[in-house]
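Reader: I would like to learn how to read pockets and aromatic contacts. Please walk me through them.

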Amino acid sequence: MAMVEKIGVLGVIGVGLIGGSFALGLKHAGKVQQVLGYGRDEKSIAQARALGLIDKSVSIAEIAQLADVIVIATPVKAFPNVLRELAPHLRAETIVSDVGSTKAEVIRQAREILGDKIGQFVPAHPIAGSHTSGPTAAIPDLFQDRNVIITPLAENSAASVTLMTELWQCCGAKVQLLAQSKDHDDIFAAVSHFPHFLAASYMSFMESDPVRQQALKMGGTGFRDFTRIAAGSPEMWRDIFLSNQEAMLEQMTAFEKEFAYIRSLLENKDADGLYDWLDKAAKTRKEWKLLDSQ
């Protein structure tokens, strides 16, 4: 059970689905007195204020000077520029975290920019999302029973890691600590980033031919479920792919071998081989579903 007391000021940079939902979750839990927000789009930041996600819109420098905890919830490509604006004004007692789905490059950038302030940065990754985005998509229970991965740095104090852990728990999340950032990136390339790449590749394939374009009108629930994640933010996923390039390329190389094997089964009309391959895939999926529902 999370035991954190109410924090004074939370700063959220990037008040969209994730940043906005984190702020709302803490507000609903009664764990924050004031939320300051920054966004590059004036319309979006006005929506965030109107919806009660934030109490006041301020600059990044003001967030650095006033906030006790700062969460950077921008696309990963924007992370270094945001951190450069924060760093000169950052108070020694302020904790900075992120929500990026890649960690190795983010940590490298943080070390380079923050220097001897690196201990103030606690990397995190909430495993939650939606095909919708922006402030209007934010909900207070987005993280309920969802996993949040924290990859603590050697320089982090135990108190900082504990505070971020408990803040996420106050939002209903299940927090897991993962020591190695490369392990994190390899894992999420496999279970998140590469699946999105496959869904997007398939939708691009379908759109590239007039007959397949017509076929799109005839897709059913299976097609809908398989391709749903391709509707995600192009900006966000572009940045994720580039940030996690090494792990993504490793996944592609491995999948090329799998695809070649499947193709050979079909070319050779290997009925037994195809059955065994499909049976193994079906069993793996059913077993995963059982684990997910526990």
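Author: We take a pocket, then some rings. This is a predicted model, where local features need pLDDT of at least 70, side-chain atom pairs count only at pLDDT 80 or more, and totals for chains, interfaces and linings use all residues. Numbering starts from 1 along each chain as its sequence is written, and side-chain values use heavy atoms, without hydrogens and water.

Reader: Which residues line the second largest pocket?

Author: Rolling a probe the size of a water molecule over the atoms shows where empty space is left. A pocket is an open set of points on a 1 Å grid over the protein atoms alone, where a 1.4 Å probe fits, with protein on both sides within 12 Å along at least five of seven lines; lining residues have an atom within 4 Å of a point. Here the lining is E258, W277, K280, A281, T284 and R285. Helix α12 (residues 271–293) gives the largest share, 5 residues.

Reader: How are Y202 and F205 paired?

Author: Rings of Phe, Tyr and Trp (its six-membered ring) pair if their centres lie within 6.5 Å; planes under 30 degrees apart are stacked, over 60 edge-to-face, the rest tilted. The whole structure holds 10 aromatic pairs. Y202 and F205 make a tilted one, with 5.9 Å between centres and 45° between planes. They sit 3 residues apart in helix α7 (residues 181–207), so about one helical turn separates them.

Reader: What sits over the ring of F205?

Author: The charged end of R212, 3.8 Å from the ring centre. The test wants NZ of Lys or CZ of Arg within 6 Å of the ring centre and within 35 degrees of the ring normal.

Note on methods. Helices (H or I, at least four residues) and strands (E, at least two) are DSSP runs, numbered from the N terminus.
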